[in-house]
Amino acid sequence: MKAVLAKHYERVVCACCFLFIFVNIGLPSTSFNVYQSYIVATPGVGDTGGSLVLACRTLVSLICMFLVVKWYQFFDCRLGVAIACMLTCAGFVIYGFAGNLWQFMIGAVVAGAGYGLGGMVCMTFLVGRWFESNVGTAVGIASCGSGVASMLMPVVAHALIENFSLSVSFWVEAGIALVVGLLVVLLLRNRPEEMGLEKYVNPHELEDDKPHVHMGATRPLKPIAHHAMFVGMVCIGSISIAGFGYLGILMTSSGFPAFYSAIMLSVAGLALTMGKFLTGIVFDAVGTRMGSAIFFVMMIAGLLICCFAGLQNQTLTAVGMVLLGLGAALGTVGISVWSLDLSTSMERGRLVKDLQIAYNSGGFLFNLLPGVLMELTGTYTISYGILTALGTLAFVIVMIIYLQKGPSVVGNIRRR
């Protein structure tokens, strides 16, 4: 077993990516909704204060996106992500001691820094360094960390709160972050050269006499294409972050029973987790351009079905939740793979950072719109009509850029 891991250490690196995505995105973000009802019930916090806690975490995460490339240039991935895990740990320790709004907001600032500095950007860097082949599959497996957290941690947190206390639940999650941070320091390696290895190449490509498609661009994106991708990622961030956040209230305000709405949210979350895994496999099997088109169509179809939530057709809504969950995986796997595939090694850091900033900005900005539109129109379906249009725009942008790029073909690699 040790010999296999020594030769294929990219598997260990991928597992480390899964773990720190679980901690730095899954704990402070995707699974955190389980705590919201307890936070707003804290004296002096309330619904407005609860929203401020989430907004504070999101804003700090977005600010950190502007610094993240410099962060990893200074610390490199191994130490940089370990520090980020410690920030997430510290944030949950503060949550555990919090008894008023300002203390919860301090915890949100610290945990938000862990999210912004220790998430998708670091994972994208590591996969780009360690994998020549099966890049999409590696990104998909690593990205599942946040999805697994969204399914597992609410159950764990609820049990801890009911049997012990809210503080104990926060401190247990802090302990998980601490353990993962220590594992990262012990197991993660920044580059294969540190272990006398080269990037992973699929053995079938080594045996094939034909050229293979190489991940990465031979020339930088033109400025207009770079700006267009930025716009596209703002659209996808609006869908994957804000669109998902309003699904529950979309269904209940459309007349669905609360119990059914909760089930549908679980279905969408499960589909999203499966989508993260399947997106990478599909990208590797049929190519990034065709794979992107498949998942864009599912995303747009799911959003379009959401526009008809007022019909209260439970079967149609369930289909929509599955399609939207699968397609929304483009917000994680898609952006990471596009960042690697459309950039040269010299501009990779900038493109990864810019696309992640665009994605998080879209989520932050669109979060402000549905409530306003509800006040003006009396329905949330208008917001999902806008999201359908944004998804279509992102689809067109990505397809045009890939049609212009074409595949980058290099000679067959003969050795590991």
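I took a salt bridge to be a side-chain nitrogen of Lys or Arg within 4 Å of a carboxyl oxygen of Asp or Glu. The model is predicted, so I kept in mind that local features need pLDDT of at least 70 and side-chain atom pairs count only at pLDDT 80 or more, while totals for chains, interfaces and linings use all residues. Residues are numbered from 1 along each chain as its sequence is written, and side-chain values use heavy atoms, with hydrogens and water left out.

Entry, salt bridges around Asp76. I looked up Arg191 and found that its side chain meets that of Asp76 in a salt bridge, at 2.7 Å from N to O. This pair links distant parts of the chain, 115 residues apart, with Arg191 in the loop between α9 (166-187) and α10 (203-207) and Asp76 in helix α5; helices here are DSSP runs of H or I, at least four residues, numbered from the N terminus. I then noted that Asp76 also forms a salt bridge with Arg129, where the closest N and O atoms are 2.9 Å apart. Because Asp76 lies in helix α5 (residues 68-97) and Arg129 in helix α7 (residues 120-130), that pair ties together parts 53 residues apart in sequence.

Entry, accessibility. I counted a residue as buried under 20% relative accessible area, exposed over 50% and partly exposed in between (1.4 Å probe, protein chains only). Asp76 is buried at 16%, whereas Arg191 is partly exposed at 33%.

Entry, helix α17. I found Asp354 and Arg350 joined by a salt bridge at 3.6 Å, N to O, both in helix α17 (residues 348-366) and four residues apart, about one turn of the helix. Asp354 is buried, with a relative accessible area of 13%.

Technical notes:
Helices (H or I, at least four residues) and strands (E, at least two) are DSSP runs, numbered from the N terminus.
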